[in-house]
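Me: I have a structure open that I have never looked at before, and I'd like to go through it with you. Could you help me read it?

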Amino acid sequence: MLRVILLLECIMHCALVAEAQVTFRITNLPSSTPVNASIYISGNFEGWTGGQESYRLQKDADSLYVITLPQMVGTIQFKFTRGSWPSVEKGSNGEEIANRTYTFGGNGAIVNITVHNWADLSGGNSTAADNVHLLDDDFYMPQLDRNRRIWVYLPPDYETSQESYPVLYMHDGQNLFDSFTSFAGEWEVDETLNGLFDETGFGLIVVGIENGGGLRIDEYSPWFNPQYGGGDGEAYNDFISETLKPFVDSAYRTSIDASHTGLMGSSMGGLISHYGGIAEPDVFGRIGVFSPSFGLFDSVYAYTSDAGVSEDSKFYFLGGGQESGVVARINQMVELMEDAGTAPDQMHVLVDPQGMHNEAFWRGEFKDAVVWLFDVVSGVEDEREGGVLDIEVYPNPVSHLLHIVPEDFHTEFTLEMFDTNGKLMIRENFQGALRIDITKLSRGMYVLKILSESSSRVDRVMVGN
């Protein structure tokens, strides 16, 4: 009798699991789809690889592409590709579309899908600014014996100045400047930096390295994961530091030291940026780590602990509350770095509860990351003959009250707080200690200017951490 009960329980469990499965069925494809094309589903549940064989759709009896996914927890995000991100699906007019989502419940489902266009077959017009150029369509990577397309953004005044500029190396170059080449929406790096230049006069060179499609995970992780791949990350990082950077430094007017050289990327690009900052702090000193894939390659924690963090480096971590586990893994990394002696002002952590794992989220935070990493200050400086004031400003980042404590309690001061567009947000005259309520300010970077009759001080303050 017990065997019968156990058998029934097993049957019922299997039935419930089957009911909880979801089957995606593509009922409509664009006419440009090649005959017998291979189509894949890619999403946060498989590392956003762009197309793994185990997630390739099959044709059913009606010659429709279908795939059944097992029960998962919560909501997944996904898109369809023909095997790599350059061939990702697009909208009816060739435009970028948001990540698709599906929330698992207690019952299974069949979801019918229409794919309107493919990125590489839909046509379209470039949205890149005039100061974005193709550095090389086929740049050789000797460390990997491969070739890659490289883009470069130059500051608006590059051709008319003799200035040398800091350089930011960014991964997934397809997604940085041009919605036509992007596989998941562009970051609008060129538009954002052009605007920042107009506001502050700050110029930055950005070098965009296109990913290798199906080689992306291999190149963006130094460690191997038997499920996802990886293992070429060290060679890829060496390519940037030993081959690409020397070429860029010889071809353009650059500030070559680590304090003026950065790495930035998202997801797997966030992982390899973090690795590069830890592995070569004498080369890369300004690191933007957006929504990093620490969970797929957790060897990064032991590596960071063993290698340590240079006291001259700065790390900007970004995570979204709608990204599965990302914020917790960032917090784990920050705690590890703090325990290893990394100073608080070397790290900035920004968490947006509504942030999702997509280009729209990263695009919206790019400007503040650049401002913090490269110490950008808007044109409100006013250093007076008496020098820089001795005043303590804390906490920074700040979420409620900003404390201003001067060494001299007898001097009268004026405090002014500007947004990064140079707009005056707060003005206070004070003597002695001052507390400023900043809860009405929007989240982001601000410039704090404190003046006495003979001296001044300018600080950058991050609000809303």
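Me: What is the handedness of the crossing of α4 and α5?

Reply: The crossing of α4 and α5 is right-handed, and please keep in mind throughout that this is a predicted model.

Me: Which residues make that contact?

Reply: On the α4 side the contact is made by Gly-233, Glu-234, Tyr-236 and Asn-237, and on the α5 side by Ile-272, Tyr-275 and Gly-276.

Me: Why give both an angle and a distance for packed helices?

Reply: Two packed helices are described by the angle between their axes together with the distance between the axes.

Me: OK, other pair: at what angle do α2 and α8 pack?

Reply: Helix α2 (residues 189–200) and helix α8 (residues 359–373) pack at an angle of about 50°, and their axes are 10 Å apart. These two helices, α2 and α8, are therefore oblique to each other, and their crossing is right-handed.

Me: Which residues meet there?

Reply: From α2, Val-189, Thr-192, Leu-193, Leu-196 and Glu-199 meet Phe-366, Lys-367, Val-370 and Val-371 of α8. The residues of this contact of α2 with α8 divide into six nonpolar, one polar and two charged.

Me: Zooming out, how many helices and strands are in the chain?

Reply: The chain contains eight helices and 24 strands. Its radius of gyration is 25 Å, close to the 23 Å that the globule rule gives for 465 residues, so the chain is as compact as a globular protein of that length. Taken along the principal axes, the C-alpha atoms of the chain fill a box of roughly 85 × 60 × 45 Å.

Me: How much of the chain counts as buried?

Reply: Of the 465 residues of the chain, 53% count as buried. As for how the chain meets itself, if you take the contacts between residues at least 6 apart in sequence, 71% of them join residues at least 24 apart.

Me: Let's pick a single residue. Where is Asn-99, and is it buried or exposed?

Reply: Asn-99 sits in the loop between β6 (89–90) and β7 (100–103), and with a relative accessible area of 15% it is buried.

Me: What is Asn-99 in contact with, leaving aside its neighbours within four places in sequence?

Reply: With those neighbours left aside, Asn-99 is in contact with Trp-48, Gln-77, Phe-78, Lys-79, His-357 and Asn-358. The C-alpha atoms of Asn-99 and Glu-359 are separated by 9.9 Å, although these residues are 260 residues apart along the chain.

Me: Where is Asn-358, then?

Reply: Asn-358 is in the loop between β17 (347–352) and α8, and Asn-358 is buried, with a relative accessible area of 17%. Its C-alpha atom and that of Gly-230, 128 residues apart along the chain, are separated by 22 Å.

Me: What about Leu-451, buried or exposed?

Reply: Leu-451 counts as buried at 10% relative accessibility, and this residue is found in strand β23, which covers residues 444–451. Leu-451 and Leu-389 are 62 residues apart in sequence, and C-alpha to C-alpha they are 8.0 Å apart in space.

Me: Switching to the backbone, which residues does a cis peptide bond join, with omega about -10°?

Reply: That cis peptide bond joins Tyr-394 and Pro-395, and Pro-395 is found in the loop between β18 (391–394) and β19 (401–406). The peptide bond from Asn-396 to Pro-397 is also cis, with omega near 15°, and Pro-397 is likewise in the loop between β18 and β19.

Me: Why point those out?

Reply: Most peptide bonds are trans, and most residues other than glycine have a negative phi.

Me: On phi, then, what value does Ser-63 have?

Reply: Ser-63 has a positive phi of about 60° although it is not a glycine, and Ser-63 is in the loop between β3 (58–59) and β4 (65–69). Asp-375 also has a positive phi, near 55°, and is a residue other than glycine. Asp-375 lies in the loop between α8 and β18, and at 34% relative accessibility Asp-375 counts as partly exposed.

Key: Residues are numbered from 1 along each chain as its sequence is written. This is a predicted model: local features need pLDDT of at least 70, side-chain atom pairs count only at pLDDT 80 or more; totals for chains, interfaces and linings use all residues. Side-chain values use heavy atoms; hydrogens and water are left out. A crossing is left-handed if the near helix is turned anticlockwise from the far one by less than a right angle, and right-handed if clockwise. Helices (H or I, at least four residues) and strands (E, at least two) are DSSP runs, numbered from the N terminus. Contact means heavy atoms within 4.5 Å. The radius of gyration is taken over C-alpha atoms; the globule rule is 2.2 Å times the number of residues to the power 0.38. Buried means under 20% relative accessible area, exposed over 50%, partly exposed in between (1.4 Å probe, protein chains only). Axes are lines fitted to C-alpha atoms, for helices over the stretch in contact, and angles run from 0 to 180 degrees between N-to-C directions. Angles under 35 degrees count as roughly parallel, over 145 as roughly antiparallel, 65 to 115 as roughly perpendicular and the rest as oblique. Ala, Val, Leu, Ile, Met, Phe, Trp, Tyr, Cys and Pro count as nonpolar, Asp, Glu, Lys and Arg as charged, and the others, Gly among them, as polar.
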